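Here's a quick tour of a predicted model. Have the sequence and the 3D view open as you read.

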Amino acid sequence: QVQLVESGGGLVQAGGSLRLSCAASGRTFSNYYMAWFRQAPGKEREFVARIGRSGGTTNYADSVKGRFTISRDNAQNTVLLQMNSLKPEDTAVYYCAAGNNDRTRRYDYWGQGTQVVVSS
């Protein structure tokens, strides 16, 4: 089992920045690929960004590319999401997720989420 706890959400004006953090515990963190997802009110959960086990590989949704940066610190068991140039459409609950199945590429562990609200 892996336990994930997100923090860093809040209210910010459009154009501002926030940094989300996800703290992991329970298993060897470096064995897991990690990702951030988000879910806006009335919408389905969507992929935001992912990072490989060593941090050398990252991918982003087109909607956040160039504005968000995902990173990880395997010594501190954390994954970060730096969000710049925030837009009202970035308003959502942001979830941290972990997985270690290279065949299915599923994310089996999820945090409880942290709310981000971007005002116009």
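## Strand β4 and its neighbours

Let's start with a pairing: β4 and β5 run antiparallel, joined by five bridges. Across that pairing, Phe-37 sits opposite Phe-47 of β5. The hairpin made by these two strands has six residues between them, and Gly-42 takes a positive phi there, near 75 degrees.

β4 also has β9 as an antiparallel partner, this time with seven bridges. Here Trp-36 faces Cys-96 in β9. How much of β4 is buried? Six of its seven residues are, so the strand is largely enclosed by the rest of the structure.

The link ties together distant parts of the chain, since Cys-22 belongs to β3 (residues 18-25) and Cys-96 to β9 (residues 92-99), 74 residues apart. Both cysteines are buried, and the link is left-handed, at -80 degrees about the S-S bond.

## Two nonpolar cores

The largest nonpolar core has 30 residues, and those touching the most other members are Leu-4, Met-34, Trp-36, Val-79, Leu-81, Met-83 and Tyr-94. Strands β3, β4 (33-39), β5 (46-51), β7 (68-73), β8 (78-83), β9 and β11 (114-119) each give two or more residues to this core.

There's also a second, separate core of five residues, including Tyr-33, Ala-35, Ala-97 and Tyr-107. As a general point, side chains in a regular strand alternate between the two faces of the sheet.

Key:
Residues are numbered from 1 along each chain as its sequence is written. This is a predicted model: local features need pLDDT of at least 70, side-chain atom pairs count only at pLDDT 80 or more; totals for chains, interfaces and linings use all residues. Side-chain values use heavy atoms; hydrogens and water are left out. A disulfide is a pair of cysteine sulfur atoms within 2.5 Å. Helices (H or I, at least four residues) and strands (E, at least two) are DSSP runs, numbered from the N terminus. Buried means under 20% relative accessible area, exposed over 50%, partly exposed in between (1.4 Å probe, protein chains only). A nonpolar core is a set of buried Ala, Val, Leu, Ile, Met, Phe, Trp, Tyr and Cys residues joined through side-chain atoms within 4.5 Å. Two strands pair if DSSP finds at least two bridges between them.
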